[in-house]
Amino acid sequence: MNNNKSIIHSNLNDYLHSSQSHPITRHWQSQMVKNFSTKDFILPLFVLYDDNGSETIESFPGVKRMGQNVLLEYLSPLILELDLSAILLFPCMKQQKQNDDDSVKNLYDAFDHDKNPLLKVIPVIKEKFPQLLIITDVCLCAFTDHGHCCVFDQHSGQIDNQKSIEELAKLSVKYAQVGADVIAPSDMMDSRIALIREQLNLAGYSHVSILSYGAKFSSCFYGPFRNAAGSAPKFGDRKKYQLPSGSRGMALRSIDRDIRQGADIIMVKPAMAYLDIVRSIADHYPNYPIAVYQVSGEYSMLKHGAQIGLFDLKQVVMETIIGFKRAGASIIITYFTADILRWIRNNGEEF
Ligand SMILES: [Zn+2]
């Protein structure tokens with residue numbers, strides 16, 4: 001990490017260009033809650049390295065892992081016909097065989113164009129759909145052998161926060177280099193927003209936004225996602241770095257820190273069980289757009305409920321979306337994005 005040109009002492013939240021350099025982020029920064037726009041929704045996608053790969057996920061009905069060719073074909077009608085504006089990409093890494101009964105992941109694969117599918121796919125998506133906003137998840141859990149979102153100190157066994165945030169900042173710059181418009185760090189390491197903002201600026205990417213997972217709670221609602229991304233930790237859990245579900249003060253402190261360190265957009269995750277936090281943040285920080293992530297467990301719960309006839313899918317999904325808006329969120333990350341865009345096209349933007 002080159003600290004000779006460090007600007008970390010300056011006010012990183014003085015930078016506004018990263019909030020307004022793309023038409024979609026400008027929309028997010030300027031809108032207040034009212035009607036639904038297709039631009040309010042972000043579609044999360046799991047990306048495989050194999051160009052023609054397509055894998056269903058048992059616990060995650062209707063969601064697939066896709067390689068480049070399948071992904072482009074999938075995205076085309078959503079963008080051209082339904083006005084999909086923003087995607088959030090997660091890499092699905094292949095495990096390397098160490099020997100017959102063991103498999104390993106390597107953190108350095110994150111930076112390898114021949115291994116990290118996002119480094120290959122982002123430029124291709126950008127060329128084909130230049131208007132689409134590309135957000136990349138930034139975390140280490142897809143690349144570490146132990147599946148945690150950080151690097152551990154080999155001697156103490158504790159989180160090596162400094163080393164972890166240096167890797168996260170390097171990965172953020174790498175994604176910006178291949179064309180990511182927004183960096184979304186989901187790791188919950190301390191002070192990663194400051195270092196990512198600094199390193200993006202030093203590398204010439206001051207126009208790239210940071211969507212901070214500012215209030216990410218430790219939650220059992222993440223279950224299906226971990227199957228999809230292959231990111232379940234091999235030991236322990238993530239409670240040492242994700243927020244306790246009962247915490248309100250810590251969530252506000254975490255958001256406050258990320259805003260001071262230069263986040264452009266702040267996020268609460270999961271969504272449905274944490275809407276009081278969304279409202280508190282909306283009241284405390286009226287000058288920032290708030291995103292919520294309706295996570296895999298919330299999606300699967302609603303999808304399965306509708307499949308067995310508990311309720312109508314459209315009605316129940318839109319009720320949750322209206323709840324997010326009412327609580328103060330203006331950006332919604334949901335696996336229902338394609339359905340919602342279809343409903344908006346058929347119904348208009350008011351529900
Ligand atoms: Zn992670």
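Me: Is Ser-296 buried or exposed in this model?

Reply: The model is a predicted one. The test is a count of C-beta atoms around the residue, and 20 or more within 10 Å means buried. Ser-296 has 24 C-beta neighbours inside 10 Å, so Ser-296 counts as buried. Ser-296 lies in helix α10, which covers residues 296–307.

Me: Which residues is Ser-296 in contact with, leaving aside its neighbours within four places in sequence?

Reply: Contacts of this kind show what the fold brings to a residue from elsewhere in the chain. For Ser-296 they are Phe-60, Tyr-222, Gly-223, Pro-224, Phe-225, Ala-228 and Tyr-335. Two of these, Pro-224 and Tyr-335, are taken up below.

Me: Where does UniProt place the feature "binding site"?

Reply: An annotation is read from the record and then located on the model. The unreviewed UniProt entry puts "binding site" at Ser-296 and Tyr-335. These positions span 40 residues in sequence, but no two of their C-alpha atoms are more than 7.5 Å apart, so they gather at one spot.

Me: Where is Tyr-335 found, and what surrounds it?

Reply: Tyr-335 sits in the loop between β12 (331–334) and α12 (337–347). Beyond four places in sequence, Tyr-335 is in contact with Pro-44, Val-63, Ser-296 and Tyr-299.

Me: Which helix holds Pro-224, and which residues does Pro-224 touch?

Reply: Pro-224 belongs to helix α7, residues 223–229. Pro-224 is buried, because 23 other C-beta atoms lie within 10 Å. Not counting residues up to four places away in sequence, Pro-224 touches Ile-57, Ser-59, Phe-60, Ser-296, Gly-297 and Ser-300. For a distance, take Val-317: its C-alpha atom is separated from that of Pro-224 by 18 Å, and the two residues are 93 apart along the chain.

Me: How do I read the two faces of strand β12?

Reply: In a regular strand the side chains alternate between the two faces of the sheet. In β12, Ile-331 and Ile-333 are on one side, Ile-332 and Thr-334 are on the other, and all are buried.

Me: Which strands are joined to β12 by bridges?

Reply: Strand pairing is read from the bridges and the direction in which the strands run. β1 and β12 run parallel and are joined by 2 bridges. Phe-41 has Ile-332 as its bridge partner in β12. Strand β11 (residues 290–294) also runs parallel to β12, with 4 bridges between them. Ala-291 stands opposite Ile-331 in β12.

Me: How many residues of helix α6 are buried, and what do they pack against?

Reply: For a helix, the burial test is applied residue by residue. In α6 (residues 192–202), 10 of the 11 residues are buried, so the helix is mostly covered. Among the buried ones are Arg-192, Arg-197 and Glu-198. The buried residues pack against α5 (161–178), β8 (182–185), β9 (209–216) and α8 (249–260). After α6 comes Gly-204, with a positive phi near 95°.

Me: What describes the protein as a whole?

Reply: The secondary structure comes to 12 helices and 12 strands. A compact globule of 351 residues would have a radius of gyration near 20 Å, and the 19 Å of the protein agrees with this. Of the 351 residues, 47% count as buried. Among contacts between residues at least 6 apart in sequence, 75% join residues at least 24 apart.

Methods: Residues are numbered from 1 along each chain as its sequence is written. This is a predicted model: local features need pLDDT of at least 70, side-chain atom pairs count only at pLDDT 80 or more; totals for chains, interfaces and linings use all residues. A residue is buried if 20 or more other C-beta atoms lie within 10 Å of its own, exposed if 12 or fewer, and partly exposed in between; C-beta atoms are placed from the backbone. Two residues are in contact if their C-beta atoms, placed from the backbone, lie within 7 Å. UniProt positions are given in the numbering used here, feature names are shortened, and annotations may be inferred rather than shown by experiment. The radius of gyration is taken over C-alpha atoms; the globule rule is 2.2 Å times the number of residues to the power 0.38. Two strands pair if DSSP finds at least two bridges between them.
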